[in-house]
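Dear colleague,

I am passing on the structure that we discussed, together with some notes on what was found in it.

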Amino acid sequence: MPSVKIPKKSTFVDMTPFVDVAFLILTFFIMATKFKPEEPVEIKTPNSVSTRELPESDAIQVTFDSTGRVFFGVLSQKDSEKYDVIKHINETRSLGLSEAEMKNFVRTPSIGVPFSGLKQLLAVPQEDQKNFKQPGIPLDTLGGELLYWIRDAVGTFTGKKLQYLIKGDNNAKYPAFKQVLTAFKKNEIFKFQMITMLEDAPAGSELGIMRNREKAAGH
Amino acid sequence: MASIDDSGGGGGHKKGPGVKKAKKLSTAVDMTPMVDLGFLLITFFIFTTTMSSPTTMQLFMPKDTKDEDLNKAKESGALTVLLGKDNVVYVYRGQLLPDASNFHTTTFKGIRDTIIQMKKDVINAHVHDAGCTKIQEEAKVGNPNVKPPILPDPNWQKACLDKDLVIVIKPDEDATYKNTIDILDEMAISAIKRYAMVDLFPVEKDLIKKTSGGN
C-alpha cells in the first residue's frame, strides 16, 4: 500500500513579530506607570465630573479615612521646604525633635499622630512606618491639632501660592469632612480642592452639552 | 527571518585547494527567554499601573460671619437639599411649611430631575432687571484669564435667567463624604451657579428622623 507521504515541517515558529508587539506593550506600560507614594491608609475617593488636574507640589493635603482618622501631608518638590515646615512646627509646638527625626519627616508622605506621638513616629524609619499604628490627628469642632499643622505649614510657605487638597474616603461621615473644613476655615482658608476620580458628565445634562461645545471649540 | 541569507552571490569565487570553507552558523537566536521576561514585565506593569489619574474638585466656603446673607435668597428660587442616612435625599422648595407638606423624600437619581425642574420653574418666573444686563455682558465676552477658561456663551441672552436660583445643601451627620461630593457634583452637572453648604436646622433634623423612622 503506497501511503501518502506527509512532508515533515519544521515546528519552529518565527517569534519576531510576537516579540515586537510584546515589547511595544511593555514600553507603553512603562511610560504610563506612575508610582504613587505609599500612604499609611488606603483611601477610595469618590468620583466627580471635575476635570481639574491634581497639583503635584506646593500643596497641603489633608486625608481622612472611613473611620475618621485624619492625616496631614505636605506636597513639595523641594525637600528643604518640607524640612522648614517640620522645623517651624518643632519650634512653635516645642516638640523637641532631633535633627534625624526632622529629616525623617521629609521622607514621610503623611502624618497621622497627635503632637505627643510625633517623636515616636519619626523615630521609626520611613519604610517601617506602615506598621506603626497611627490614630489620626486629633480633631474637634474647633479645629483641633490640625489647625496648628495647617497654620505652621502656611506660615512656612509665605509668599507662595499654596493649594489645599482634601482627600476623603467614600464611606467617611460628613462630620469628619466638616471638621477638616473648620480647621482650614479657622486659618482663613476658604478655597479647597477635593481629590476625586474622573467620571464623564452625563449625556444630555447642561454640563455635558457645555463640554461638547468646548471640545468642538478645540479646548 | 532573523538569519542573513548569504548563499547566493558567492558563485564567482574560486578558493584554492586547501582553503577550508568556514562552517556556516545559524544566526537564528532562541528568543523564548526574552519573551518570557518581556511578558513578566508587562504583567508587572499592568498590575502596578493606575490608569485614571485623580482630578480635583473646587469648593469655596464662605466666611463664618453672623450676617444673615443666606436670607437674601428669594424664597421662590430657593431649593433646600438635605442629605440623610443610607443615600436618602430630602428636598423642599422655599420655606419649610409648618405642616411639612413640601418636604419630599427622594434619591440621588431623582434629585437631578428635581433640580432641573426647579431650574425651569425659576427661568419661567424670571423678571428682567438691571443686574441681569451685567450678567449677560459677562457671559457674552467670557473669561480667558481663568483656568479653565470660560468660553463666550452663544446663548448669552439666557445667562441670567436662573440668577434667583439658590440651592442650599445640608448634609446630615449620617451622610457620607461620597454623598456630599455627589451632591456638589450635581451642581456642576446641572450648571447651578449659586449654592451653599450649611448646617441643618433642628426642625429639619427632627423631620428626617421622623421620616426615616416611619419607613
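**Chain A: contacts and fold**

In chain A, 68% of the contacts with a separation of 6 or more are between residues 24 or more positions apart, where two residues are in contact if their C-beta atoms, placed from the backbone, lie within 7 Å. Please note that this is a predicted model, in which local features need pLDDT of at least 70 and side-chain atom pairs count only at pLDDT 80 or more, while totals for chains, interfaces and linings use all residues. Residues are numbered from 1 along each chain as its sequence is written, and chains are lettered from A and ligands numbered from 1 in the order in which they are written.

Chain A has seven helices and six strands, these being DSSP runs numbered from the N terminus (helices H or I, at least four residues; strands E, at least two), and their order along the sequence is α-β-β-β-β-α-α-α-α-β-α-β-α. Chain A is more spread out than a compact globule, because its radius of gyration is 25 Å, well over the 17 Å that the globule rule gives for 219 residues; the radius is taken over C-alpha atoms, and the rule is 2.2 Å times the number of residues to the power 0.38. Along the principal axes, the C-alpha atoms of chain A fill a box of roughly 100 × 50 × 35 Å. Of the 219 residues, 32% count as buried, that is, with 20 or more other C-beta atoms within 10 Å of their own, whereas exposed stands for 12 or fewer and partly exposed for anything in between, with C-beta atoms placed from the backbone.

**Where chains A and B meet**

Between the chains, 52 residues of chain A are in contact with 41 residues of chain B. On the chain B side, the elements that give two or more residues are helix 1 (32–48), strand 1 (54–60) and helix 4 (177–189), and helix 1 of chain B supplies the largest share, nine residues.

**A backbone detail**

Ser94(A), in the loop between helix 2 (79–92) and helix 3 (99–107) of chain A, has a positive phi, near 40°, although it is a residue other than glycine.

With best regards
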